[in-house]
Amino acid sequence: MITDAQVETYRRDGFIVVEDLASPEDLSAMRQVIAELVAGAAAVETHTAVYDLEPGHTPAQPKVRRIKAPHQVHKAFDALVRSPAVIAILRRLIGADLRLHGSKLNMKAAQYGSPVEWHQDWAFYPHTNDDLLAIGVMLDDMDLENGPLLVSPGSHRGPVFNHHGEDGRFAGLIDPADIAREIEHAVPLTGRSGSMSFHHVRAVHGSALNTSSRSRNLLLYEVAAADAWPLLGVANFDEFNSRLLTGKPTVEPRLAPVPVRLPLPPAARQGSIYENQTSATRTYFKKAAA
């Protein structure tokens, strides 16, 4: 599904975009589920195990910014990451034995979809090695106006930046002053719906406010090599192994000399990255008016 040149681009830049991996049928099914989930948010008034809500959400005007763990919410989201086309690409990029680390559906509604400040996924879940990546499934056409993912080329081979706030607690974002060069060189990952991006767990990335009149829904899967073990531990061994996508589980973690900075002490506001980042005093992206 990808060429040797694309594999080399991923190694060099830390990301690639592959077009037309999700079929029109896949997209239609997932959009229907999303519409039903957003309508269901009218029954909640605060964040839940499924919903992360935008500021200004009310039951009368539901505003959802994230569906948590969508692969557990509906089979359509679980099936896509297990499709032969996606597995074939993952095998080329991080190996034959693969485990799903997690998933999320970040939703940016027209004119106000929340930004995500600059960060590295690695800061949230460091492992014994860094053969991990995130897949971004473009459920809508993505361009510069509706807040696409922005990734800094080559940043996956650089340092692990400080994601802690002035209070010493994990804040889930990098002070923009520390990454001026990375921000300057960041590249937007745009494409038509059905395309998928693949970015390395250490790549510096973020996304801006959706200023367009169109939605920007991005389904994200985090995938790890099976021998990459989370440094914060495994709470449920059976559940951990149940997330194997292909290959064999192992109890022999592969150790690699990769830089690590633990997300401890935990963020003052626990929950999603949006909640973690609310404690920051230095941010980069413009936010929607309250």
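The legends below describe close-up views of a predicted model. Local features need pLDDT of at least 70 and side-chain atom pairs count only at pLDDT 80 or more, whereas totals for chains, interfaces and linings use all residues. Residues are numbered from 1 along each chain as its sequence is written, and side-chain values use heavy atoms, with hydrogens and water left out.

**View A. The buried face of helix α1, residues 4–13.** Val-7, Tyr-10 and Asp-13 of α1 are buried (under 20% relative accessible area with a 1.4 Å probe, protein chains only; exposed means over 50%, partly exposed in between). Helices (H or I, at least four residues) and strands (E, at least two) are DSSP runs, numbered from the N terminus. Seen down the axis of α1, the buried residues fall within an arc of 150 degrees, taken from the directions from the helix axis to the C-beta atoms, so they line one face of the helix.

**View B. Surroundings of α1.** The buried residues of α1 pack against β1 (15–18), α5 (84–94), β6 (132–138) and β9 (196–200), where contact means heavy atoms within 4.5 Å. The face turned away from the buried side of α1 carries the exposed residues Asp-4, Ala-5 and Glu-8. Gly-14, whose phi is positive, near 90 degrees, follows α1.

**View C. The largest nonpolar core.** A nonpolar core is a set of buried Ala, Val, Leu, Ile, Met, Phe, Trp, Tyr and Cys residues joined through side-chain atoms within 4.5 Å. The largest one has 41 residues, and those with the most contacts inside it are Leu-90, Leu-93, Ile-135, Phe-198, Tyr-221 and Val-223. Helix α5 supplies the largest share of this core, 6 residues.
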